[in-house]
Amino acid sequence: MTGRERLAEQQAELLKALLAGGEIPPGFDEDRIRAERIVLRTKRRWVTGFLRPDLRRELGARFAELFDAYAVTHPRAEGVRAHQDADAFGQWLIDRGELKAPKKARWSPLGWIASR
Amino acid sequence: MVVAGDAVAEVPGPLGVGIGWREEIDLSIARLPGVDWVEVVAENLHTEHLPETLLALAERGIPVLPHGVSLSLGSAEPVDTRRVEHLAEVTGALGAPMASDHVCFVRAGGLDSGHLLPLPRTREALDVLVDNVKLTQSIVGVPFALENIAALLEWPDAELTEAQFLRELTERTGCLLIVDVANLYANARNLGVDPAAFLDEIPLERLAYVHVAGGIERDGLYHDTHAHPVLPEVLELLGELRSRVDPPGVLLERDDDYPTDTELAGELAAIRAVVTR
């Protein structure tokens with residue numbers, strides 16, 4: 001295995017631990033991994049709420065709780081843009097029956113936004 | 001060592017005091033006193049429709065420097081050259097004399113963290129970063145700078161200090177450095193980095209400019225939020241840096257919970273007071 005391949009594996013393991021509930025790789029401070037998990041999830045939630053204020057508004061106080069439940073089982077995949085990530089959360093909410101599907105949608109630079 | 005024939009980026013001319021351009025505060029930035037230049041997150045721009053308020057600044061002769069946040073140059077997986085090409089396009093469209101990103105990785109194993117994560121400070125990781133930076137430099141076509149990040153965690157088995165890592169990086173690639181003194185403060189608080197030793201050991205002759213930002217302590221950790229006022233301790237670190245070198249530029253970053261124009265102007269003035277001696 002080359003150095004690059006070894007590093008690729010280590011970086012993938014760390015991201016899995018931080019984003020997808022993976023095991024903490026040996027040698028890392030577990031408290032710091034937990035703190036970083038929260039930071040990453042909070043940032044992703046903030047971006048999602050920024051790009052889809054409609055979701056934040058409709059869910060109110062439940063936005064954070066539902067997003068956090070979603071995030072760990074749906075880590076953002078490479079190549080998924082922020083607005084696609086936010087929209088995927090919106091679709092997940094509809095699929096789970098947390099939100100009603102919009103009757104029609106209009107295009108906005110930030111993604112599909114339910115018409116009001 | 002830089003091999004003969006490699007381009008060693010020239011340190012830019014004086015920039016002065018600037019602020020991170022964000023759409024939410026574009027009108028404030030246009031009227032704030034004491035904004036000599038701005039830096040803009042390259043990923044937020046599309047060259048076909050650059051924001052009018054940003055173009056208006058450029059037309060006033062205010063330098064607009066692009067700053068990447070997603071190149072993930074410390075990733076062991078191949079560089080996403082489309083992202084580098086986008087940075088090059090934005091740099092060209094802005095007529096910017098340099099471009100930059102961070103010493104970090106963002107993506108790995110098919111996942112995107114959406115954040116700047118620390119690298120292992122090993123020879124192996126440095127070799128990967130150096131190769132990725134050289135490829136990036138060949139695409140962006142202007143002097144390229146890399147910034148130190150704020151980290152909450154460290155990889156085990158470090159072989160180099162952060163300062164040694166940055167020195168070797170600049171020596172081997174000819175790149176410039178952006179020193180974020182708020183990130184340095186965060187690393188001092190959270191990881192026990194000695195800021196004075198860091199500033200003594202990094203190649204300040206390769207300094208492109210300095211970042212300053214606010215943050216807050218939560219649960220015993222300092223978070224570099226860019227959403228809170230700049231701490232006096234961070235300005236003190238700017239002073240520590242200033243006692244060693246006259247930085248070509250200093251930039252205030254604010255990304256959320258935007259304060260009043262008066263408060264932003266006050267932070268810019270405080271920065272200017274530290275560097276104007």
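1. Start with α8 and α9 of chain B. The axes of α8(B) and helix α9 (residues 261–275) of chain B come within 9 Å and cross at roughly 30°. Axes here are lines fitted to C-alpha atoms, for helices over the stretch in contact, and angles run from 0 to 180 degrees between N-to-C directions. α8(B) and α9(B) are therefore roughly parallel to each other. The cut-offs: under 35 degrees is roughly parallel, over 145 roughly antiparallel, 65 to 115 roughly perpendicular, and the rest oblique. The crossing of α8(B) past α9(B) is right-handed. From α8(B), the contact takes Leu235(B), Leu238(B), Gly239(B) and Arg242(B); from α9(B), Ala270(B), Ile271(B), Val274(B) and Val275(B). These divide into 6 nonpolar, 1 polar and 1 charged.

2. A word on the source and conventions. This is a predicted model, in which local features need pLDDT of at least 70, side-chain atom pairs count only at pLDDT 80 or more, and totals for chains, interfaces and linings use all residues. Residues are numbered from 1 along each chain as its sequence is written, while chains are lettered from A and ligands numbered from 1 in the order in which they are written. Helices (H or I, at least four residues) and strands (E, at least two) are DSSP runs, numbered from the N terminus.

3. Confidence. The model scores ipTM 0.93 and pTM 0.92. Chain B has a mean pLDDT of 95, with 97% of its residues at 70 or more; pLDDT is the predictor's confidence in each residue, from 0 to 100. Residues 1–5 of chain B stay under 50, and the model has 4 contacts for them beyond four places in sequence. Where pLDDT is low, the predicted coordinates should not be read in detail.

4. The axes of α4(B) and helix α5 (residues 162–173) come within 10 Å and cross at roughly 40°. α4(B) and α5(B) are therefore oblique to each other. Their crossing is right-handed; that is, the near helix is turned clockwise from the far one by less than a right angle, anticlockwise being left-handed. Leu126(B), Leu129(B), Val130(B), Val133(B), Lys134(B) and Gln137(B) of α4(B) meet Phe165(B), Glu168(B), Leu169(B), Arg172(B) and Thr173(B) of α5(B). By class, this contact has 6 nonpolar, 2 polar and 3 charged residues.

5. Helix α6 (residues 181–191) of chain B is largely enclosed by the rest of the structure, because 8 of its 11 residues are buried. Buried means 20 or more other C-beta atoms within 10 Å of the residue's own, exposed 12 or fewer, and partly exposed in between, with C-beta atoms placed from the backbone. Among the buried residues of α6(B) are Leu184(B), Tyr185(B) and Asn190(B). The buried residues of α6(B) pack against β8 (176–180), α7 (195–201), β9 (207–213), β11 (221–223) and α8 (232–242) of chain B. Just after α6(B), Gly192(B) takes a positive phi of about 80°.

6. The interface. 23 residues of chain B are in contact with 30 residues of chain A. Contact means that C-beta atoms, placed from the backbone, lie within 7 Å. On the chain B side, β5 (105–108), β6 (111–117) and α4 (123–140) each give two or more residues. β6(B) supplies the largest share, 5 residues. That side of chain B has 11 nonpolar, 6 polar and 6 charged residues.

7. Chain A. The chain has 5 helices and 2 strands, in the pattern α-α-α-α-α-β-β along the sequence. Buried residues make up 24% of its 116 residues.

Technical notes: Contact = placed C-beta atoms within 7 Å. Nonpolar A, V, L, I, M, F, W, Y, C, P; charged D, E, K, R; others polar.
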